[in-house]
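Please look over the model below with the following briefing at hand.

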Amino acid sequence: MLTKQNKLDIYGLLCGNFPKNKPIPTKETLSFLEDNGLSYQEFGYKNGLALLKDLKEFLTIGNPQSKSTDESQTYLHDYVLKDLPLPVKAKKNKRMGKSHPEKTKPLPQKKAEEKKNAPSPLPKADKSELGKTILPILRQANYKVGEEYPLATLSKSLADKNISCHKLGYAKMKSVFALLKDYFQIRNVDMKGVSQPWVKILPAFVEKTEDRPVIQKKEKGIPITQKKVTSKKEETKKEGPTPTKGADAIGQEADFYVPDKLLFSIKEMASLGLDNDSIVKLLHDDYRKAVSDHATERRPEGHVFPLSFLNRNGSGLIGAIRKSDAKMKYAYYLSFVGEDKEKPKDYLRMMVHFDDYEESIASLARLARKESWCYHNSRDKDIILKIYLQYTFYRLYSQGKILVDKSSGFVSFNTGLVTPEYDSIYGVMIVNQSEAIKEDYLFQGFTVAGSQGIGKVIVEHFSPLPEKATYVDNPAELFPEKDMQIHTDFHHILLDNVDRIPLSFLSNVTTSFPECKKIVDMIEKEKNDFRIDRLYASLKEKIEKNDFLYSLLRAALENSIDKGVAMLHDDYRKFLPSFFPTRNVLSFMVPLTFGTNKDKVEAVLLIEKTPSGNYQGQTILTLKQCYVNARLIAPLDNTYLSAEKIED
């Protein structure tokens, strides 16, 4: 908590910038303190409002009972210091570790000493000296040309090197950046009713000289670490592809945004016992350490880095950072937290011993409400149910919802399925005591609570009963926004995933391109998977080289997407959510129709909602590829996803 001196310092800082006995928006007060490096977390307060309430000797909050600052006002009191002069200017305080007020009228015995130790301010008109002082520091911090940053962020980079506006001879850091208009452009941004200065980095900031680092090209929209080139010989040695491992995404500052839904997922996955702010700080610390250890890796999901905390099941976790939408106020955001693997592990088979796995699955199919558990022409009549149960068990394990009664040794989980009477179906196991069996649990059967046999075991040993796996914390997330905007990665869809586009559609579009049409016809007739892959690779190459064909395919696909969105607006029930267990991401599917059969859905566009509120069209999926992930959320009765009509 704040000491008496801390309070005096903060009061002096506020008085030097705000009028007394007049209403000041509390949001603006808190924002000002944050811009000056005064963090409520550092002093042990749960929020900034709690810190202000502890300054009751110096200020009053208009509505002290309020937990929100939306309409709150702050009033600074008249306060007479008996022992110390009133501070008004900011100076570095080693105790607080942040900026705090400096005394305007030092005590007589300290005047000579403070004057002797005070830094010599730079002349205001000397732009050259000013630039030489702060530009090298900011260049080393890897700020990017054309991007905007909060003034407080740049000020912190300078403060970390013991450079403040007062040492430079200015009352505010904003004046420093305004003077260097060749390098920076300042504008005020309204953030929830509070005006805050943001600084845009201009091209002159990275002007090439022997003493300045050279900004390298960006790869896939993610900036690469700036490196200093000292000679042509050294530059020649560095030619070649940029390595992915150890690539630095945003520098040591780790200034990325963490969406609320990922904070919720982290609390479900890991037993951290921390509040949101502490989790965000931990994520930033983990990223900085990964950069320092060269442990970051560029992947399709973003810049991936290892996390210091584990899943509830003891397995390691990773995070991924992506570049934000251009109109957002933060440059990057955390896009994923989860286990590092391509597919969810089959924890069900790894942990549970079945005497007869096939019969156990068949018994679950008989007990559950009638549903299609295989595709058309599937060899395995329960293939969908097996994958569904694997993914569900994986999710339950990640959420810590597989319950163990230590006294009896019974174990149970909720399958998420129901009987025709809509009673929940549970799996029952016992802890393995035999060294001859490697799995942790021995499967006993599927049942409903209270039924004869193992059904009574659940009621006797578990209260509350095992919960279902959850995929959202707010049901409203399962529905589209009325005016959603979709931004699609067409290059990824038309080239990397051309094999997921219906052949009838490709055949129609390539009619005027004989070489491509011939390849499509060959794919339709080919039965060998290896040769089909080679044909698709050849088709991709030709599409990539033919701008006109690519434009036609894109226009046709855009038309299909527009129609799919219109279908969703006409009937919201067609807006099906989908969950990917390994990425811990909720996605949505836009139905796509092609060719002459305009009412037949042949594929889906997978979209994800970004923190900005837009929807990113990530990829195209066949109906089989998306079926089980959609089934995890809810049954798919009376939807365009009909297992019986999907070819295996």
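A residue is called buried when its relative accessible area is under 20%, exposed when that area is over 50%, and partly exposed in between. With that wording in place, and bearing in mind that this is a predicted model, strand β3 (residues 73-76) can be described as having a covered face, made up of T74 and L76, and an uncovered face, made up of Q73 and Y75.

**Strand β3 and its partners**

- In a regular strand the side chains alternate between the two faces of the sheet.
- Strand β1 (residues 24-25) runs antiparallel to β3 and is joined to β3 by two bridges, and within this pairing P25 has Q73 as its bridge partner.
- Strand β2 (residues 59-61) likewise runs antiparallel to β3, to which three bridges join it, and here T60 stands opposite Y75.
- Q73 and Y75, the residues reached by P25 and T60 respectively, both belong to the uncovered face of β3.

**L52 in helix α3**

- L52 lies in helix α3, which spans residues 48-53, and the residue counts as buried because its relative accessible area is 0%, under the cut-off of 20%.
- Leaving aside residues up to four places away in sequence, L52 touches T26, T29, L30, L33, L59, I61 and T74.

**D382 in a loop**

- D382 is found in the loop that connects α12 (357-367) with α13 (383-398).
- Although D382 sits in a loop, the residue is classed as buried, since its relative accessible area of 7% is under 20%.
- When residues up to four places away in sequence are not counted, the contacts of D382 are I361, A362, A365, W373 and C374, and among them I361, A362 and A365 fall within the range of α12, 357-367.

**The protein as a whole**

- The protein has 20 helices and 23 strands, and 45% of its 648 residues count as buried.
- Of the contacts between residues at least 6 apart in sequence, 57% join residues that are at least 24 apart.
- The protein exposes about 34,700 Å², and carbon and sulfur atoms supply 50% of that area.

Methods
Residues numbered from 1 in each chain as written. Predicted model: local features only at pLDDT ≥ 70, side-chain atom pairs only at ≥ 80, totals over all residues. Heavy atoms only, no water. Helix = DSSP H or I, 4+ residues; strand = E, 2+ residues; numbered from the N terminus. Buried < 20%, exposed > 50% of the residue type's maximum accessible area, 1.4 Å probe, protein only. Contact = heavy atoms within 4.5 Å. Areas by Shrake-Rupley, 256 points an atom, 1.4 Å probe, with all protein chains shown as cover. Pairing = 2+ DSSP bridges.
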